[in-house]
Amino acid sequence: MRSSAREAARLLSGVGCVAALLLPTALPAQAAPLSRVPAADGKKGQELPGMPSAIDSDAPCTPASREKAKKQDWSRQRLDLDRLHGYSTGAGVTVALIDTGVDTGAVGLDGRVTAEGTAGDDCVGHGTFLAGLIAGADGDGGDGAGLTGVAPGAKILALRGTDQRGQASSALVVAAVRAAIEADAEVIAVPVALPRRDAELTRAVADARRAGAVVVAAATPDPPRGANDEIPARSYWPAAEPGVLSVADMLPAGVRPDNALRTSGVDLVAPGAGVVSGGPRGDGHYLGAGASVATAYAAGAVAAVRAARPDDSADEVARRVTATAYPADIPQLDAYAAVTTVLGDSGAAGGVERAADPVTVRDTSGADRATDRATLFVVLGTGGVLAVLWGAFALPRARARGWRPASASARPVAADADGD
């Protein structure tokens, strides 16, 4: 059973975060405007600067945000993170994050990030933002913002899949996937999406899967400026590789943004609009959007599952995450259900038997018995009402006939009518 807050978040209109989705993800860092964050309770919300996924070649690094979130955003309530963390925090799992790098001393991540090569220098800030969604702790001095990541007990291996300005390349992603395999990362998150398939990347992803890693990748790049109507639908890589969990972004209403790039073969959608996290400089917060954000959330959920079910294979973990997703045109990530649901032998959504509550696995037999009793009461009550109505109708008629049967009283009347 989902919490009332979560149901409220599911019913939120997507209108409130359209402005957030229109935020250019490649704005020069110094020009990042404030954008409205939709509140989970449907109220006014709050304003934060946007986190770019790339910056211009002559732009300075993304500056520290002077704004701080005052409350938990809708995405974390939608994923039921408060309940999820009662079962799994992803402890002991390493997530390789292939993006713009991650600042090893970022607020909420200090002591849990290892950077490969130059990946500890995150000029853009995007990788650090995503790392907070995956494994961040609420390091804001208990101000109530509730910005913990999906798997706050996991460790982040920062790998560079882009240059220092956020431009991705196949060569960098291939090298990063190889480094993740070498480091025995259980989860490999690839928030970058490449427009062309690369044979070396295909082999690297296949090797990662053989090594037992779950590869989670963005189904599309984050949206560029302006409308995308002229960009035809196409596949992006490595999300389109066999066995990769392909993730796209969704609005609070559960639909994809109007400006999202078109593609096929998406396995999951996850929150990807009006999402709040930290950056590499200062303790302020930023607003992020796009498939890369959704990918980070999915990677965190996979880490939580891997920690809770260490004996499951990578394929079983990926199957679990998709089988327990909230049913829709494209299944919607349900991190809590992915960890707590007991699947049938089929491993499919139809094989779900029951889910766990915050203390023990929920036993539905009591509820079933209560339902049976309620059904019995309804049947008996309905019978009693019908008996009363019948009595109210039949007794006066019987009294009028002198308590003779209806057939007996009818015959004399017929005889009198026919008599001479």
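The model is predicted, so to speak of local features pLDDT must be at least 70, and side-chain atom pairs count only at pLDDT 80 or more, while totals for chains, interfaces and linings use all residues. Residues are numbered from 1 along each chain as its sequence is written, and side-chain values use heavy atoms, without hydrogens and water.

**Nonpolar cores**
- A nonpolar core here is a set of buried Ala, Val, Leu, Ile, Met, Phe, Trp, Tyr and Cys residues joined through side-chain atoms within 4.5 Å; buried means under 20% relative accessible area, exposed over 50% and partly exposed in between (1.4 Å probe, protein chains only).
- The largest core has 52 residues, and Val-95, Ile-156 and Leu-333 touch the most other members.
- Helix α8 (residues 291-308) gives the most to this core, with eleven residues; helices are DSSP runs of H or I, at least four residues, and strands are runs of E, at least two, numbered from the N terminus.
- A second, separate core of 24 residues includes Ile-98 and Leu-201.

**Cysteines**
- Cys-61 sits in the loop between β2 (46-49) and α3 (74-78), and is partly exposed at 33% relative accessible area.
- The C-alpha atoms of Cys-61 and Cys-123 are separated by 4.8 Å, although the two are 62 residues apart along the chain.

**Helix pair**
- In α8, Val-302, Val-305 and Arg-306 meet Ala-314, Val-317, Arg-320 and Val-321 of α9, where contact means heavy atoms within 4.5 Å.
- By class, this contact has five nonpolar, no polar and two charged residues, with Ala, Val, Leu, Ile, Met, Phe, Trp, Tyr, Cys and Pro counted as nonpolar, Asp, Glu, Lys and Arg as charged, and the others, Gly among them, as polar.
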